[in-house]
Amino acid sequence: MTNEAVPIELYGELEAGQQRRYVCADTPKISKGTLLALSDPRTAATSTGNADVCAGIASMDKEADDGTLSISAWTNGVFDMIASGTIVIGAPLKTAGAGNYVAAAGDASGAAVIGYALEAGTDEEVINCRISL
């Protein structure tokens with residue numbers, strides 16, 4: 001997969017990004033660095049929507065049909081991510097459609113806000129993002 005979020009700094013105990021473990025389906029491939037959407041019950045899948053409730057960023061590769069039914073996700077750190085539209089420094093961020101894109105959160109609130117921009121950016125530009133879930 002392209003456009004994976006790239007960890008720059010991981011925070012938390014042992015600087016491991018405060019990983020959380022989620023249930024996931026066996027069938028899809030999930031690449032390390034993929035934004036994950038959260039659904040009930042505590043299930044993670046590749047984010048495909050605008051302002052998904054974010055489970056974190058996949059901290060491992062998960063192959064399709066490998067029998068694995070769980071995945072770990074980073075929830076705390078600074079990541080290089082791709083901007084969707086114009087983002088000003090300090091703007092709250094949300095997931096932005098298919099792929100690993102972030103956009104200014106605008107009217108998004110609560111768990112749809114995944115962090116904030118540490119750099120300003122325009123469409124398709126790589127920027128540092130502080131992710132805190």
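These exercises with worked solutions treat the predicted model shown above.

Residues are numbered from 1 along each chain as its sequence is written. In this predicted model local features need pLDDT of at least 70 and side-chain atom pairs count only at pLDDT 80 or more, while totals for chains, interfaces and linings use all residues, and side-chain values use heavy atoms, with hydrogens and water left out.

**Exercise 1.** Work out how many helices and strands the protein holds.

*Solution.* Start from the rule that helices (H or I, at least four residues) and strands (E, at least two) are DSSP runs, numbered from the N terminus. By this rule the protein has zero helices and eleven strands.

**Exercise 2.** Describe the largest nonpolar core and the surroundings of M81.

*Solution.* A nonpolar core is a set of buried Ala, Val, Leu, Ile, Met, Phe, Trp, Tyr and Cys residues joined through side-chain atoms within 4.5 Å, where buried means under 20% relative accessible area with a 1.4 Å probe, protein chains only. The largest one has 17 residues, and I57, M81, I87 and V102 have the most contacts inside it. Strands β5 (54–58), β7 (76–83) and β11 (126–132) each give two or more residues to this core. Next, leaving aside neighbours within four places in sequence, M81 is in contact (heavy atoms within 4.5 Å) with residues including L35, I57, V102 and I131.

**Exercise 3.** Decide whether C129 is buried or exposed, and whether C129 is in a disulfide or in none.

*Solution.* C129 counts as buried because its relative accessibility is 0%. With a disulfide defined as a pair of cysteine sulfur atoms within 2.5 Å, C129 is in none, since the nearest cysteine sulfur, that of C54, is 11 Å away.

Conventions
Buried < 20%, exposed > 50% of the residue type's maximum accessible area, 1.4 Å probe, protein only.
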